[in-house]
Amino acid sequence: MSQKENIPLSVPNLSKDILPNIEETIESGWVSTGGKFIDQFEEKLADYVGVDQAVSCQSGTAGLHLAMRVLGIGPGDEVIAPTVTFIAAVNPIRYMGAEPVFIDCDSDDGPAGPSAEPTNAFTNEGSVNMDLDKLEEFLENECELTDGRVINKSSGREIKAINIVHVFGNPVNMERLIDIAREYGLKVIEDATEALGSYYTEGRYAGRYCGTIGDIGVYSFNANKIITTGGGGMIVARESDLLEEAKFLSTQAKSDRLYYRHDEVGYNYRMTNIQAAFGTDQIDRLEGFIATKIENYRRYKEAIAEIDGLELMAFNEGCRPNHWFYSVLVDPDLYGIDRDELLQELNAVGIQTRPLWGLIHQQKPYLDCQAYRIEQAPYYQQNLINLPCSSNLTAEQVKTVVRYLREFKS
């Protein structure tokens, strides 16, 4: 271990082939919030996921904020959200003056994990997506339907929507989720910020991509995502009117561009042309990125299966996930050290790894929010580690990570 490794967690996979596009933005002067590459990127992404239209924006968070706004979520409303996600998925609920209600994640039968049998057949491999059994149980037992409105009996507030997240690019059972939402008349905001390229291969939504099934779907192009524009996001929706309103609001709600007339409070949530110039190249390479991620996942899976105390979490069946992040569960009794010790050891030798996010219902801004039967999430928060997974990760780098995983076992 004399020479420190340099294996990052998840970095952009950029090509110099994009340089002519960047040069064109510079030569034309269109580097900011207008230019042909914005339109091209929107068209390419819409074509890729199989929808008629997509609207670009400044970030995935901005896209979620716009989604909340155009769906009419406001002060005094509630939105159901997962506790296992990045906090940016939840903050837009508060931007609108609404309150989140947190639901637990799925169960798993991994080493040292909960012993209860998984109850959701679609996720029987285990995942950290929202537990749809508990979602349905919460709506049935803790809410009441009054004049077509879902009222939370505990708070007295109306629940307007479900904010569902495809965590680590692992698709949620959207067939069941949509059935639940329809039964209760709830809107579905589909946070696919980590799941661009994930799609269903079986069931009602076979051939459909994550992000295109809910009322509104949102993607992210942050630097650690599967494709990147350095920042930026994209919105798709079932109804074109919602997309048009989102686009209007994202451009400062300018109703008269010549005379600068604004009829509503809008936002400066536009994607720049220079960002979109990156996106037009990245989206063309997406399937290649996913193929690499799948192959590296298989390499990890084969090797980690031989290490007692470690389990590489599976992706769900009935779909083609983009394999954005690879998650390993650590059983300290079998492995010899716990998750935090392994995290420190790997980072110390230059292998960047990270734990699961802090659970959102335990974050300071959300301590006073309702959290329904959070029983599985703490186990994952304490025992899960994410391994390097860049789309330009090499087979040799995978071998290096695995070598250290074996070496640190005691």
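Rings of Phe, Tyr and Trp (the six-membered ring for Trp) are taken as a pair if their centres lie within 6.5 Å. The views below show a predicted model.

**View 1. A ring cluster in the predicted model.** Ring pairs link Phe168, Trp324, Phe325 and Trp357 into a cluster. In total, the structure holds 14 aromatic pairs.

**View 2. The tilted pair of Tyr48 and Tyr209.** The structure's 14 aromatic pairs include Tyr48 with Tyr209, at 5.0 Å centre to centre and 55° between the planes. Tyr48 belongs to helix 2, and Tyr209 to the loop between strand 8 (199-200) and strand 9; the two are 161 residues apart.

**View 3. The edge-to-face pair of Phe102 and Tyr366.** The ring centres of Phe102 and Tyr366 are 5.9 Å apart, with 80° between the planes. Phe102 sits in strand 3 (residues 99-103) and Tyr366 in the loop between strand 16 and strand 17 (371-372), so the pair ties together parts 264 residues apart in sequence. Phe102 is buried at 0% relative accessible area, and Tyr366 is buried at 1%.

**View 4. Helix 2 and its surroundings.** Helix 2 (residues 36-49) has 14 residues, which at 1.5 Å a residue should span 20 Å; the end C-alpha atoms are 20 Å apart, in agreement. Its buried residues are Phe37, Ile38, Phe41, Glu42, Leu45, Ala46, Tyr48 and Val49. Seen down the axis of helix 2, the buried residues fall within an arc of 165°, so they line one face. Exposed Glu43 and Asp47 are carried on the face turned away from the buried side. The cover over the buried residues of helix 2 includes helix 1 (19-28), strand 1 (55-57), strand 9 (216-220), strand 10 (233-237), helix 8 and strand 14 (319-320).

View 5. Strand 16 is joined to strand 18 (residues 384-387) by 2 bridges, and Arg354 stands opposite Asn386 in strand 18.

Methods. Residues numbered from 1 in each chain as written. Predicted model: local features only at pLDDT ≥ 70, side-chain atom pairs only at ≥ 80, totals over all residues. Heavy atoms only, no water. Pairing = 2+ DSSP bridges. Helix = DSSP H or I, 4+ residues; strand = E, 2+ residues; numbered from the N terminus. Expected span 1.5 Å × (residues − 1). Buried < 20%, exposed > 50% of the residue type's maximum accessible area, 1.4 Å probe, protein only. Arc of directions from axis to C-beta. Contact = heavy atoms within 4.5 Å. Phe/Tyr/Trp six-rings, centres within 6.5 Å; stacked < 30°, edge-to-face > 60°.
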